[in-house]
Each structure stands twice: as C-alpha cells, then as structure tokens.
Amino acid sequence: MSAQNQFITVNMPDELMTMLALEWIIRNVGNDGTFAFDAPGLAQGLLKMRSLSPSDLRKVAHHARDCFSVRFDRDKFAKAIYSASADSQKADNLNFLLNNGATRGMISDILGVTDSRIDRARDLLGQITAPRGRPSMPGVFEREQIHQAWAETSTLAHVERFRRLKERFPRWTLASLYATVNEFSRDPERESNAQRAPTQASF
C-alpha cells in the first residue's frame, strides 16, 4: 500500500478481484476500444476480451492477478464510512422512538426528520397508526424521579437521554416521558434550547 497526498493505492493480488475488474472493464469499454482513461496500445486487447469464454477470462485473471491496484481518496473514503455509520445510527434512533410510543412531534423535535420519513419507517415496522391524544402522565412522585434522572444525563445527546429514561421507567411510553420532562416548558411539544443537548442532523 502506498500513499500520495490524500490518495492511497492498494495492490490487489487476488485472482477473484482481478476477474471482477476485468468483467467491469469489458462492460464499460467503448466500441472503439477506448476506456475511461487513456490506455494507448490496449484498444485491441480490450475489444478482444469481449469474445473470450469464461474459462479464458479466468486465465487472463490468473496471469494478471498482480497487475491491478485500487487508488482512492483517503478523505472522501473516510467521509463515506462516517456517513454510512451515521445513517445507520439515525435509522436505529428512529426505530427506537417509533417502537416505544413516541409522537410525531417528539420524533421531529429530537431527530429533525420529515413526516414522510416517519411514515415510511412506520410502514416498514408495520405500524398502522401513530399515538394520538394527550399521553398519560406519571404521578407527582414519579415525575420528580423522572426530572432528576433527566437532569443527570444533561451531557448526553437528546435521543440517548430518552433511551436512559426508558430503561429506568419502562412502563411509560416515550410520549409520556417526553411530556413529563417538558411539563414546565412554555411549548409542551418542544423543550427550550437551553435545556437540550445537541440533536441529530435531519435526514
């Protein structure tokens, strides 16, 4: 493996990977033998590969197994990995909220997702209807416990704080827990920004 500025080149001495690369080249080579890059002298060879049988193509892959390498942009590749991981986490958070009785307003507040995204997730989970009406509230003593537990997690991301609450107070839906922690807010569907940990980005 070698690196040049932000690019990394990885040798690919594997016959199967070489076979896949050759098949990709055959599919993408132009009718005149040209390719996506300047390859003088290879035009006839590239065109000839189209007529090779699978067994002959495997022979080419065997002899060319040390001819191929992969060159990729290190920074863009790292961003792609991060994006895929973040998307997976967002989907997991959305499923958690839906599966534990969160209202549409709560989900939108915490994750910033669109109504259409929520509806698609509900369909995938087989949920026909969303929670409606004012959620039931715990008694005064238990609400105090919930407020205390909420304050103890102030450094965590908003959705993680509700995960912790749900673990400590499993008999209550997220809608009830959300209403409880927001019962002293001016807007019952949204906690003040001063009390909130950073939320996930919209998706």
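Which residues does Phe-72 touch, not counting residues up to four places away in sequence? Select Phe-72 and display its surroundings: Phe-72 touches Gln-6, Phe-7, Ile-8, Val-10 and Phe-77, where contact means heavy atoms within 4.5 Å.

Before going further, note that this is a predicted model, in which local features need pLDDT of at least 70 and side-chain atom pairs count only at pLDDT 80 or more, while totals for chains, interfaces and linings use all residues. Residues are numbered from 1 along each chain as its sequence is written, and side-chain values use heavy atoms, with hydrogens and water left out.

Phe-72 belongs to strand 3, residues 69-73. Helices (H or I, at least four residues) and strands (E, at least two) are DSSP runs, numbered from the N terminus. Phe-72 counts as partly exposed because its relative accessibility is 23%; buried means under 20% relative accessible area, exposed over 50%, and partly exposed in between, with a 1.4 Å probe and protein chains only. Draw a distance from the C-alpha atom of Phe-72 to that of Val-10: the two are separated by 8.5 Å, although they are 62 residues apart along the chain.

Next, select Arg-71 and Phe-7. The charged end of Arg-71 sits over the ring of Phe-7, 4.0 Å from the ring centre. The criterion is that NZ of Lys or CZ of Arg is within 6 Å of the ring centre and within 35 degrees of the ring normal.

**Second stop: the whole fold**

Zoom out and colour by secondary structure. The protein has nine helices and three strands, and along the sequence they follow the pattern β-β-α-α-α-β-α-α-α-α-α-α. Of the 203 residues in the protein, 33% are buried. Among contacts with a separation of 6 or more, 64% are between residues 24 or more positions apart.

Select Asn-93 in helix 4, residues 74-99. Its relative accessible area is 1%, so Asn-93 is buried.

How many aromatic pairs does a search of the whole structure find? There are two. Rings of Phe, Tyr and Trp (its six-membered ring) pair if their centres lie within 6.5 Å; planes under 30 degrees apart count as stacked, over 60 as edge-to-face and the rest as tilted.

Select Trp-150 and Phe-162. Their ring centres are 4.7 Å apart and their planes stand at 50°, so this pair is tilted. Trp-150 lies in helix 7 (residues 140-152) and Phe-162 in helix 8 (residues 158-168), so the pair ties together parts that are twelve residues apart in sequence. Both Trp-150 and Phe-162 are buried.

Phe-162 and Tyr-178 form a tilted pair, at 5.9 Å centre to centre and 40° between the planes. This pair links helix 8 to helix 9 (residues 174-181), across 16 residues. The relative accessible area is 0% for Phe-162 and 2% for Tyr-178. Trp-150, Phe-162 and Tyr-178 form one aromatic cluster.

**Fifth stop: the helix packing**

Two packed helices are described by the angle between their axes and the distance between the axes. Axes are lines fitted to C-alpha atoms, for helices over the stretch in contact, and angles run from 0 to 180 degrees between N-to-C directions.

Select helix 7 and helix 8. They pack at an angle of about 140°, with their axes 10 Å apart, which means that helix 7 is oblique to helix 8. Angles under 35 degrees count as roughly parallel, over 145 as roughly antiparallel, 65 to 115 as roughly perpendicular and the rest as oblique. The contact includes Ile-146 and Trp-150 of helix 7 and Arg-161 and Phe-162 of helix 8.

Then show helix 9 against helix 8. These axes are 10 Å apart at about 110°, so helix 8 is roughly perpendicular to helix 9. Phe-162, Leu-165 and Lys-166 of helix 8 meet Leu-174, Leu-177, Tyr-178 and Val-181 of helix 9.

**Last stop: Glu-142**

Return to helix 7 and select Glu-142. Glu-142 counts as buried because its relative accessibility is 15%. Leaving aside neighbours within four places in sequence, Glu-142 is in contact with Phe-169, Arg-171 and Trp-172.
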